Amino acid sequence: MDRQEMAVFLRSRRARIRPADVGLPGGTRRRTPGLRREEVARLAGMSVDYYIRLEQGRGPRPSRQILGALARALRLTDDERAYLHGLAGEAPEPPSGPSQDVPPGIVHLLERLDDTPAYVLSARQDIIAWNPLAAALMTDFAAMAPQDRNVVRWLFTGPDIERYGADEHVTQFARGLVADLRAAFGRYPGDAGIAGLVAEVAGRSALFARLWDEGEVGVRRGSRKRMRHPVVGELDMHCDVLYVPERDQRVVLYTTTPGTPSHEAMKLLRVVGTQDLGIR
């Protein structure tokens with residue numbers, strides 16, 4: 001535990017918060033900017049003496065619960081929260097659940113990729129943003145209920161899973177998907193959404209239940225993808241995955257090799273658009 005750096009950090013974070021930011025009256029007799037020590041202590045649910053000792057660099061090592069309370073009282077960002085836990089020699093508290101909020105820059109990226117099918121996956125394997133060509137390639141996501149845009153649910157309860165074991169691409173994709181979901185389960189142990197998804201799909205798919213019980217853990221990366229589109233035919237594609245670390249999301253891109261029949265089919269799909277959407 002770095003007591004002196006923690007003291008400096010707590011003082012600096014306290015000084016930047018205005019009383020109005022946390023619902024406290026400002027008053028006219030404040031000698032220093034920010035909150036008073038007793039106000040931080042009250043917001044964090046701890047004794048004033050304990051908090052003062054932390055700011056003076058002579059307090060005991062705080063527990064994870066105390067660190068979490070201080071982070072909430074001081075309105076720390078995720079990066080600041082991790083830094084505070086590091087100063088105390090504690091691992092940061094796990095986030096409550098996967099983010100479903102797509103950064104504006106990623107949304108703009110999807111809009112500009114008019115010749116490449118692309119979509120955004122949450123850590124729970126929900127498709128939470130997509131471009132028109134991804135809809136033309138796969139299905140009309142906008143017409144689906146949000147809970148049905150989950151790739152795990154989609155694969156293991158749909159017709160493609162019948163090719164498991166006979167089709168190398170389906171087999172690898174299914175196993176990688178389960179391993180990725182288990183990795184997310186470890187990152188978000190308290191997320192009811194992931195736990196509920198696992199229970200639901202395991203109850204509907206004996207194969208998913210078996211793969212889940214095997215306990216493989218892995219993060220989905222690039223691969224090759226082959227699919228038959230009802231309008232443009234066979235497509236052999238590169239599937240690349242770009243990680244968005246601040247949201248724990250993935251941008252999935254499908255590209256084809258120039259000069260191949262698949263590349264010509266992709267150009268035709270761009271022309272056809274979503275007028276003849278087929279099943280994934």
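Where does UniProt place the feature "domain: HTH cro/C1-type"? At residues 34–81, according to the UniProt record, in an unreviewed entry. UniProt positions follow the numbering used here, feature names are shortened, and annotations may be inferred rather than shown by experiment.

1. Ground rules. This is a predicted model, where local features need pLDDT of at least 70 and side-chain atom pairs count only at pLDDT 80 or more, while totals for chains, interfaces and linings use all residues. Residues are numbered from 1 along each chain as its sequence is written, and side-chain values use heavy atoms, with hydrogens and water left out.

2. Layout. You get domain 1 (3–88) and domain 2 (104–278), with bounds that come from an automatic or database domain assignment. Their C-alpha centres sit 43 Å apart.

3. The annotated stretch. Residues 34–81 are 62% helix and 0% strand, and the end C-alpha atoms of that span lie 19 Å apart. Helices (H or I, at least four residues) and strands (E, at least two) are DSSP runs, numbered from the N terminus.

4. α4 against α5. Helix α4 (residues 64–73) packs on helix α5 (residues 78–87) at about 145°, axes 10 Å apart. Axes here are lines fitted to C-alpha atoms, for helices over the stretch in contact, and angles run from 0 to 180 degrees between N-to-C directions. The crossing is right-handed; that label means the near helix is turned clockwise from the far one by less than a right angle, and left-handed means anticlockwise. On the α4 side, the contact (heavy atoms within 4.5 Å) involves Arg-64, Leu-67, Gly-68, Leu-70, Ala-71 and Arg-72, and α5 brings Arg-81, Leu-84 and His-85. By class, that is four nonpolar, two polar and three charged residues. Nonpolar covers Ala, Val, Leu, Ile, Met, Phe, Trp, Tyr, Cys and Pro; charged covers Asp, Glu, Lys and Arg; the others, Gly among them, are polar.

5. α9 against α10. Helix α9 (residues 168–187) and helix α10 (residues 192–204) pack at about 145°, axes 9 Å apart, in a left-handed crossing. Leu-181, Ala-184 and Phe-185 of α9 touch Ile-194, Ala-195, Leu-197 and Val-198 of α10. That contact has seven nonpolar, no polar and no charged residues.

6. The hairpins. β3 (residues 223–229) and β4 (residues 233–244) run antiparallel, joined by seven bridges; strands pair if DSSP finds at least two bridges between them. Three residues separate β3 and β4 in their hairpin, and His-229 stands opposite Gly-233. β4 is also antiparallel to β5 (residues 249–255), with seven bridges and His-238 opposite Thr-255. In the β4 and β5 hairpin, with four residues between the strands, check Asp-248: its phi is positive, near 55°.
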